[in-house]
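Hello,

Here is the structure I promised to pass on to you. Have a look at it first, and then read my notes below.

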Amino acid sequence: MSAGAQAHCPGARPQSSLHLFLAFSRLSLMGFGGVLPIAQRELVERLGWLTVEEFAELLSIGQVLPGPNVVNLSLMVGDRYFGLRGALAAMTGMLLMPLVLVLVAAALYQQFAAHPAVAGAVRGMGAVSAGLVMAIALKLLPALRRSPLGRARWMLVTLAVVLATGWWRWPLVLVIALVGGVSCAMAWRFLGARPVASRQEPSP
């Protein structure tokens, strides 16, 4: 499926808290070095519970809240459909099986960490993780077509975040406070300047 593809089906939703638990358990077991790319594919493209725009919005909120962004995302998705019960089911599904596997893997790694094959495998997976993160960034780009900032401004904001975190190595909390604050202020200003009808369907 292309980066801009969107398989959201109107009315698609989890059937129960157990369905949420199983979906997030599956999701959590499919990722290595982070499940964010898998989360987008599962929730948007396979299950159709979220549009790519909704996924980007929830991920943005999860990113600025304390804690892992995918755990925050699971809580918000679960709460969206079944309230607190759904949030707990989704979070448990996201954490339970990885916790068990990580504990087992950590015990084994202590025994075999010095083996060249094990060290090489761990370093090789680092490159895979970096590629997955870049892939999810490309998949989320189409959602920015609806950004109230407009293409030029959101590209500047994105570039500022990349430079601040990757080049200048600013603390993440400072980047969120400064760049995020400026971005929110600009979005609020441009949304306020638009007619109400155009806020629902902003032009790409």
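Helices α2 and α3 pack at an angle of about 140°, and their axes lie 10 Å apart. The axes are lines fitted to C-alpha atoms, for helices over the stretch in contact, and the angles run from 0 to 180 degrees between N-to-C directions. The two helices, α2 and α3, are therefore oblique to each other: angles under 35 degrees count as roughly parallel, over 145 as roughly antiparallel, 65 to 115 as roughly perpendicular and the rest as oblique. The crossing of α2 with α3 is right-handed (a crossing is left-handed if the near helix is turned anticlockwise from the far one by less than a right angle, and right-handed if clockwise). On the α2 side, the contact is made by Leu 36, Ala 39, Gln 40, Leu 43 and Val 44, and on the α3 side by Val 52, Phe 55 and Leu 59. Contact here means heavy atoms within 4.5 Å. Sorted by class, these residues are seven nonpolar, one polar and no charged. In this scheme Ala, Val, Leu, Ile, Met, Phe, Trp, Tyr, Cys and Pro count as nonpolar, Asp, Glu, Lys and Arg as charged, and the others, Gly among them, as polar.

Before going on, a word on where this comes from. The model is predicted, and local features need pLDDT of at least 70, side-chain atom pairs count only at pLDDT 80 or more, and totals for chains, interfaces and linings use all residues. Residues are numbered from 1 along each chain as its sequence is written, and side-chain values use heavy atoms, with hydrogens and water left out.

Now the overall picture. The protein has eight helices and zero strands, where helices (H or I, at least four residues) and strands (E, at least two) are DSSP runs numbered from the N terminus. Of its 204 residues, 32% are buried (buried means under 20% relative accessible area, exposed over 50%, partly exposed in between, with a 1.4 Å probe and protein chains only). Among contacts between residues at least 6 apart in sequence, 60% join residues at least 24 apart.

Back to α2. How many of the eleven residues of α2 are buried? Nine of them are, so α2 is largely enclosed by the rest of the structure. The buried ones include Pro 37, Ile 38 and Glu 45, and the buried residues of α2 pack against α1, α3, α4 and α5. Just after α2, Gly 48 takes a positive phi of about 70°.

Next, α1. Helix α1 (residues 17–29) and α2 have axes that come within 9 Å and cross at roughly 140°, in a right-handed crossing. Phe 24, Arg 26 and Leu 27 of α1 meet Ile 38, Ala 39, Glu 42, Leu 43 and Arg 46 of α2. By class, that contact has five nonpolar, no polar and three charged residues.

Helix α1 also packs on α4, where the axes come within 7 Å and cross at roughly 40°. That makes α1 oblique to α4. By class, the contact of α1 with α4 has 14 nonpolar, eight polar and one charged residues.

Is Ser 74 buried or exposed? With a relative accessible area of 0%, Ser 74 is buried. Leaving aside its neighbours within four places in sequence, Ser 74 is in contact with Phe 24, Ala 90, Met 91 and Met 94.

Helix α5 lets you check a length. Its 25 residues (116–140) should span 36 Å at 1.5 Å a residue, and its end C-alpha atoms are 37 Å apart, which agrees. The expected span is 1.5 Å times one less than the number of residues. In α5, Ser 129, Ile 136, Lys 139 and Leu 140 are buried, and what covers the buried residues of α5 includes α2 and α3.

Two last residues. Val 161 sits in α6 (residues 151–167) and counts as partly exposed at 30% relative accessibility. Val 161 and Val 175 are 14 residues apart in sequence and 6.8 Å apart in space, C-alpha to C-alpha. Arg 169, in the loop between α6 and α7 (172–193), has a positive phi of about 60° although it is not a glycine. At 68% relative accessibility, Arg 169 counts as exposed.

Happy exploring!
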